[in-house]
Amino acid sequence: MLQLQDTTHGKSAGDSAGGSDYLTFSLGDEEYAIDILKVQEIRGYDAVTRIANAPEFIKGVINLRGTIVPIVDLRIKFGVGKVEYTPFTVVIILNVGTRVVGMVVDGVSDVLTLPDGEVRPVPEFSSSVGAEYIAGLASLESRMLIVLDIARMMSSAEMCLIDQSVH
């Protein structure tokens, strides 16, 4: 299991004045960011137990200290990059609502604070990532980050992960 290195200089997540903390990761040649408060832990990729008739992007499940956790490979879901499992491949364990979900990514970059106003709206275009799951884009020096609304994505009906309750 990998430990997150604190790059917020003594501030706790969400404690940064005028900004929010994000975990950045790579999928293919693209860099993404998600709200650090949704991240439970980061682990190396291990074998999973396949589930019959699950969508291709759901690799299976793992037993994480007594909790059965579905594992989603975002590289397959988004159709980006070559899907290879290397020593750098990691699983980000997320807390989404009342559910724990894992997502496979090529690698984790860092934790950073994006100042309020730094995340810009997404221009209208077609992408492999559903635009409704993109919270915005952020530019840092020469890097462009795609900021995902990971809670919305993981709880969507197309992910088949969280039961849609009838109200």
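**Exercise 1.** Determine how many salt bridges the model holds, where a salt bridge is a side-chain nitrogen of Lys or Arg within 4 Å of a carboxyl oxygen of Asp or Glu.

*Solution.* Applying this rule gives 7 salt bridges. The model is predicted, so local features need pLDDT of at least 70 and side-chain atom pairs count only at pLDDT 80 or more, whereas totals for chains, interfaces and linings use all residues. Residues are numbered from 1 along each chain as its sequence is written, and side-chain values use heavy atoms, with hydrogens and water left out.

**Exercise 2.** Characterise the salt bridge between glutamate 31 and arginine 143.

*Solution.* Step 1: the N to O distance is 3.0 Å. Step 2: glutamate 31 lies in strand 2 and arginine 143 in strand 10 (residues 143-148), so the pair links distant parts of the chain, 112 residues apart; strands are DSSP runs (E, at least two residues), numbered from the N terminus. Step 3: glutamate 31, at 18% relative accessibility, is buried, while arginine 143, at 25%, is partly exposed. Here buried means under 20% relative accessible area, exposed over 50% and partly exposed in between (1.4 Å probe, protein chains only).

**Exercise 3.** Trace the salt bridges of arginine 43 to glutamate 41 and to aspartate 46.

*Solution.* Step 1: arginine 43 meets glutamate 41 at 3.3 Å, N to O, and both residues are buried. Step 2: arginine 43 meets aspartate 46 at 3.9 Å, N to O; aspartate 46 is partly exposed, with a relative accessible area of 46%. Step 3: through shared partners, Glu41, Arg43, Asp46 and Arg65 form one network.

**Exercise 4.** Which residues touch the most other members of the largest nonpolar core?

*Solution.* Step 1: a nonpolar core is a set of buried Ala, Val, Leu, Ile, Met, Phe, Trp, Tyr and Cys residues joined through side-chain atoms within 4.5 Å. Step 2: among the 30 residues of the largest core, these are Phe25, Ile34, Leu74, Met103 and Met154. Step 3: strand 6 (residues 90-96) gives the most to this core, with 4 residues.
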